[in-house]
Amino acid sequence: MFNFNKLSDLTLAPAHYEGGEGDEKIDSALALKYYVLFAEVAGAVAVCLGEPYLADSLGFLSKYRLDLPIYLLDRESFDHLYNRFLEQRTDRELSEIGGSGDDKMSEVAEEEEGFSLAEFLRNKADLLSSEEAAPIIRFVNALFYQAIKKGASDIHIEAHEHKGEVRFRIDGALVKYVDLDARIINLVISRIKVISNLDISEKRVAQDGRTQVRIARRQLDIRVSVLPTYYGERVVMRILMESAEIPHLKELGFDRQLIEGLASLLTHSHGIILVTGPTGSGKSTTLHSFLQKVATPQKNIITVEDPVEYKADNINQVQANSKVGLTFAAGLRSILRQDPDVIMIGEIRDNETAQIAIQAALTGHLVFSTLHTNTSTGAITRLVDMGVERFLVSSSLLGVLAQRLVRKLCERCKEEDELAESYETEFGLKRGVKIYKAKGCAECSGTGYKGRVAIGELFIPDDEMIALFKETIEEHSIRDLAMKKGMRTLQKQLVSLVANGVTSMDEAIRIGIKEK
């Protein structure tokens with residue numbers, strides 16, 4: 001039995017084995033059905049078989065006259081080679097359907113928008129009994145196209161007891177797209193695994209991968225996560241942006257005063273700038289807009305992220321991997337030996353990362369990072385709790401931005417909220433102000449919201465605040481002084497959005513309109 005070092009010595013043979021002198025021509029797609037693989041070993045075509053499928057394979061080969069060497073592979077080598085042949089076959093079918101090209105997935109034409117889900121579901125019986133995989137490929141293409149058209153950030157595919165479900169995350173909320181037969185969900189997940197270089201035969205452990213697709217003349221990077229659940233596998237695909245699509249500072253949606261404050265912070269050559277907020281509040285997008293703002297050919301910019309969410313050509317990005325010891329702290333230590341000018345750390349999670357980040361900011365580097373705190377002023381307390389000395393925080397901190405993404409009411413279907421009077425006293429609304437609530441229509445996919453707006457509070461410590469740090473790190477004291485200095489809080493901005501009919505009180509409460 002042979003082990004070819006995980007296929008390093010094997011290459012795929014052509015899609016159709018033409019046969020040598022005296023040999024018969026064999027369609028490799030038919031051979032694949034019987035687990036017979038044609039691969040090149042040391043420059044010569046050979047037959048590769050797997051031990052678990054030996055009976056089927058030999059039965060198939062007995063019908064042909066072949067003068068080829070036969071190799072019996074161990075299970076791991078055979079499974080890897082078999083998966084590569086599956087990928088080759090599905091890519092070939094896709095190119096025949098969608099046109100030619102060297103991309104793993106050819107560009108999905110806009111006709112995919114009209115792909116009928118009803119027709120797909122009606123034909124599911126034929127699909128399951130057919131060897132033709134084209135409908136599955138078209139359906140996966142349609143998923144990507146519809147997700148982009150609807151502005152989704154994630155595609156969720158999940159299996160339940162009697163059916164499967166596809167949902168899109170649009171404006172931060174999950175919206176149901178379609179229900180599918182449970183068996184079809186398995187075929188869709190297998191297709192996604194193939195284009196993501198994942199093991200389609202492994203259904204017991206979680207898998208993570210990436211793939212690229214080209215849709216409507218846009219190149220998309222997709223991060224794929226597969227998780228086994230009770231009724232089957234669950235897939236979440238995160239649609240990532242290219243560097244050309246990262247918004248500029250002025251396009252983030254913040255008000256003019258806050259944008260000017262951020263621009264002034266980014267002119268510094270050293271120090272640390274933090275962005276805080278919960279998951280899904282746009283912190284990564286903001287950090288990458290910072291990097292694009294300061295990026296020049298004269299600067300060495302290095303990031304350590306987990307995961308790398310946006311690919312950028314003008315910066316050096318490091319993917320953290322705790323399994324091999326490449327944590328944020330370890331990556332940051334290595335980055336400091338690479339003569340960086342600007343450093344971006346995906347998140348400060350522990351004392352070691354915090355200490356190294358602060359030291360880097362003090363020794364002539366401009367450092368960007370995130371923290372999980374609810375307010376901008378809470379970052380001070382958080383850093384001290386992590387073990388960073390107060391004088392180091394006050395000496396290195398340039399500013400903290402706390403941000404949120406607030407869903408905007410759909411202009412077509414929003415309706416007046418009759419409970420407006422009950423909110424006046426509690427949330428400081430002006431008496432008699434008219435506020436609105438979500439209803440839902442076809443335009444907003446029944447959610448009542450369409451689009452999001454960014455809000456943020458920017459805390460920039462001055463000499464008086466730095467002197468206060470030496471006396472106390474109690475957040476309320478720091479926050480009160482910052483507000484006296486003119487800092488506009490998230491809560492005030494939420495009240496303004498509600499009063500102007502931009503969002504609903506329910507959304508403002510979800511984001512956090514109440515002071516804690």
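What follows is a short chat about cores and salt bridges in this structure.

Reader: Before we start, what kind of model is this?
Author: This is a predicted model, in which local features need pLDDT of at least 70 and side-chain atom pairs count only at pLDDT 80 or more, while totals for chains, interfaces and linings use all residues. Residues are numbered from 1 along each chain as its sequence is written, and side-chain values use heavy atoms, with hydrogens and water left out.

Reader: Okay, which residues touch the most other members of the largest nonpolar core?
Author: Those are Ile272, Leu274, Ile345, Ile348 and Phe459, out of 39 residues in that core, where a nonpolar core is a set of buried Ala, Val, Leu, Ile, Met, Phe, Trp, Tyr and Cys residues joined through side-chain atoms within 4.5 Å. Buried means under 20% relative accessible area, exposed over 50%, and partly exposed in between (1.4 Å probe, protein chains only).

Reader: And which helix gives the most to this core?
Author: Helix H11, residues 351–362, does so with 6 residues; helices (H or I, at least four residues) and strands (E, at least two) are DSSP runs, numbered from the N terminus.

Reader: Switching topic, how many salt bridges are there?
Author: The count comes to 24, taking a salt bridge as a side-chain nitrogen of Lys or Arg within 4 Å of a carboxyl oxygen of Asp or Glu.

Reader: Take Glu233 and Lys203: is each one buried or partly exposed?
Author: Glu233 counts as buried at 6% relative accessibility, whereas Lys203, at 44%, counts as partly exposed. The closest N and O atoms of their salt bridge are 3.8 Å apart. Because Glu233 lies in strand S12 and Lys203 in the loop between helix H7 and strand S10, the pair ties together parts that are 30 residues apart in sequence.
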